[in-house]
Amino acid sequence: MSIKKVVLAYSGGLDTSAIVPWLKDNYNCEVIAFVANVGQGDEELAGVEQKAINSGASSCYIVDLREELVKEVIYPTLKTGAVYEGQYLLGTSMARPVIARAQVKLALELGADALCHGCTGKGNDQVRFEGAFAALAPQLTVIAPWREWLFNSRQSLLNYLAEKNVPTTASATKIYSRDANLWHISHEGGELEDPWCEPSEQVWMWTKSPEQAPDKAAYVELSFDKGELVSINNQAIAPVAAIELLNELGSEHGVGRIDIVENRLVGMKSRGCYETPGGTILMAALKGLEALVYDRSSLKYREEVGLEFAQLVYDGRWFTPLKDALLAAATSLAEQLTGDVVIKLYKGNVTVAKRRSLNSLYSEAFATFEGDEVYNQKDAAGFIRLYSLSSRIRALHQQQKG
């Protein structure tokens, strides 16, 4: 099949800078660069359009996806309580659906016949992008250069760019591989490739170390309506601005660092460090509110949904009926998730200090150890007898056999 026009997910880094001329050499096609602004920062976006043109792209489109990322992916995912393998708040994973969808949209608008990404053949992102492409535009051809070309090192890519007279600021030495968006920043490579090696301070970019964080705790009040953050310290705030503010607060107090060895979808293990300061605060606050308003069965079910949803997001299955079903369940439960939570930030720790909700199931009258008239302790005897009935019957049978 002849490829005439390709839309490339472009970052301006070494890999995608080399992909542009490589596509033109090997497919003899027009290359259109697509840059997703998911909150990676002004430094990452500075001059990216000119870089793409200098690499040989016919044009470059920069699309602001920050609000979509928060409103359509982050906030809904928070309602499910999704955490991958007990620690990872899915920062990279959550950004991929909105990026892939915008890339497909641009390709269809421009009449392109192919999509291209710079994901390696060892990682999860190739599955996430191509799974989304398949769900949204199966008629488009997908090109994955890392599974085709013969380059095998940074130096080989630098040599290729020099041969093509493509300017680059990249160097042969790159200690860490990083991915940043509004929600988090990830770090891989360098000393992290040895799980026996503690991360050095040069790994971390957003957060202070707990040792260097302020000696005085900070308190922040978060208000939620049906599971979505609506105000911070009694000031209404838009979704993107809310994440940015919580990132600042959390980073100052050393909040949100994790160091994990995770199971990748492709079967291998990888070690990475993640910084998710604002997300760590939000998750703690929501769990504090859940403790007030969800009954035991509802909380158990939400936890089951969260486990399944974390796997779904990590595996790149956002555009599936299962996502819709799980999200509908979590959203239904979150109808009661309205209230206020005060979070204490201190030396890397996030603690729920206060919580309140009009939907609270906590009753001081029932929970008190003081005298009360609403709970007759004698009623517990009948409850325990029925609750332990199967154990009682089993024991009686064993006694008869003995």
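Which residues have the most contacts inside the largest nonpolar core? The close-ups below start there. This is a predicted model, where local features need pLDDT of at least 70, side-chain atom pairs count only at pLDDT 80 or more, and totals for chains, interfaces and linings use all residues. Residues are numbered from 1 along each chain as its sequence is written, and side-chain values use heavy atoms, with hydrogens and water left out.

**View 1. The largest nonpolar core and Leu229.** Leu90, Ile99, Leu222, Leu229 and Leu282 have the most contacts inside this core, which has 78 residues. (A nonpolar core is a set of buried Ala, Val, Leu, Ile, Met, Phe, Trp, Tyr and Cys residues joined through side-chain atoms within 4.5 Å; buried means under 20% relative accessible area, exposed over 50%, partly exposed in between, with a 1.4 Å probe and protein chains only.) Leaving out residues up to four places away in sequence, Leu229 touches Tyr75, Leu222, Ser223, Phe224, Ala242, Leu246 and Leu282 (contact: heavy atoms within 4.5 Å).

**View 2. Ser223 in strand 8.** Ser223 sits in strand 8, residues 218-225 (helices, H or I of at least four residues, and strands, E of at least two, are DSSP runs numbered from the N terminus). It counts as buried because its relative accessibility is 8%. Its side chain makes a polar contact of 2.7 Å with that of Asp340 (a pair of N or O atoms within 3.5 Å; within protein, one must be able to donate a hydrogen and the other to accept it, and residues adjacent in sequence count only if both atoms are side-chain atoms). Beyond four places in sequence, Ser223 also touches Glu228, Leu229, Val230, Ser231 and Gly339.

View 3. Val240, Ala242, Ile243, Leu246, Asn247, Gly250 and Ser251 are the buried residues of helix 8. What do they pack against? Helix 4 (66-80), strand 8, strand 9 (228-232) and helix 9 (277-293). Gly254, with a positive phi near 70°, follows helix 8.

**View 4. Cysteines without disulfides.** The structure holds zero disulfides (pairs of cysteine sulfur atoms within 2.5 Å). Cys116 is too far from its closest cysteine sulfur, in Cys29, for a bond, because the distance is 8.5 Å. Cys116 is buried, at 0% relative accessibility.
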